[in-house]
Amino acid sequence: TGAGIEVSMGAARSGDVVVPGDAVGSTEKYLPEKNTHVLSGMIYASVVGRLYVGDAGASDAAGKRPVSIVREQGATVLPEIGSEVVARVLRINPRLAAAEIVCVGETPLREPLHGTIRVQDVRDYEIDRCKIAESFRPGDIIRAEVISLGDARAYFLSTAKVHLGVVHAKSTAGHEMEPASHCEMECTVSHTREKRKVAKPGHATQEKTPQ
């Protein structure tokens, strides 16, 4: 997420902003600590905040350095048309998903802003067959683009681009899920699949090598 991150073995540094679902390192090299969780040997951010990597003196006997996410007080930033944001889905109905925007670009917000994803803005194919309930669920963390300043109550958001959509979600049973395809996520416990408009795997959860 931070500046200078490459696609695979990135240059993420302590202090870079991360969001839920961002992979921040491997358990082979790092120790997961506060505000992180582990899936399939990878450490992921669980909150919006800044990546903190302990120095060598904090390493364990195997030389693994601790990795944690530090929440920030946030800033007051207003999105513009074209801004990419991170939001949490609050509720859904057949016409739209209501969300709270928690991060604009690289900046966590002090107070969340209201966002709306209309059914016609979820994806850019088979729009007439798109269903909100098969795209998002309350609690999902999404990446989206601001396409309109909307009205006084909410910004209009789009997840139509391939790298936008759900980046972090839990199954109906409450377990973490991993991307399985562009339209499904898989429960890491039961391995059952649920429909979502998934942010392109490998983009939203690319590995970052903390430094």
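A: Let us begin with β2 and strand β5 (residues 42-45), which pair in the antiparallel sense over three bridges. Strands here are DSSP runs (E, at least two residues), and helices are DSSP runs too (H or I, at least four residues), numbered from the N terminus. Two strands pair if DSSP finds at least two bridges between them. Across this pairing, Ala23 stands opposite Tyr44 in β5.

Before going on, a word on the source: this is a predicted model, in which local features need pLDDT of at least 70, side-chain atom pairs count only at pLDDT 80 or more, and totals for chains, interfaces and linings use all residues. Residues are numbered from 1 along each chain as its sequence is written, and side-chain values use heavy atoms, with hydrogens and water left out.

β2 and β5 belong to an open sheet of three strands, ordered β2-β5-β4, with antiparallel pairing. Its edge strands, each pairing on one side only, are β2 (23-26) and β4 (36-39). Ignoring direction, neighbouring strands of this sheet are turned by 30° against each other on average; the axes behind such angles are lines fitted to C-alpha atoms, for helices over the stretch in contact, and angles run from 0 to 180 degrees between N-to-C directions.

Within strand β4 you will find His37. His37 is buried, with a relative accessible area of 12%; buried means under 20%, exposed over 50%, and partly exposed in between (1.4 Å probe, protein chains only). The side chain of His37 makes a polar contact with the side chain of Ser46, at 2.6 Å. A polar contact is a pair of N or O atoms within 3.5 Å; within protein, one must be able to donate a hydrogen and the other to accept it, and residues adjacent in sequence count only if both atoms are side-chain atoms. Leaving aside residues up to four places away in sequence, His37 touches Met42, Ile43, Tyr44, Ala45, Ser46, His168 and Glu176, where contact means heavy atoms within 4.5 Å.

Now for another sheet. Four strands form an open sheet in the order β1-β6-β7-β3, with mixed pairing. Here the edge strands are β1 and β3 (30-32), each pairing on one side only. Strand β6 (residues 49-53) and strand β7 (residues 65-70) run antiparallel and are joined by four bridges. Tyr52 stands opposite Ser68 in β7. Ser68 also leads us to Ser14: their C-alpha atoms are separated by 9.6 Å, although the two residues are 54 residues apart along the chain. Ser14 sits in the segment before β1 (17-18) and is partly exposed, with a relative accessible area of 35%.

Further along is β12 (residues 155-158), which pairs with strand β10 (residues 107-118) in the parallel sense over three bridges. Strand β11 (residues 141-148) is also joined to β12 by three bridges, but runs antiparallel to it. Phe156 in β12 takes part in both pairings: Thr116 stands opposite Phe156, and Phe156 is the bridge partner of Ser148.

Finally, the whole chain. It has zero helices and 16 strands, and 47% of its 211 residues count as buried. Among contacts with a separation of 6 or more, 56% come from residues 24 or more positions apart.
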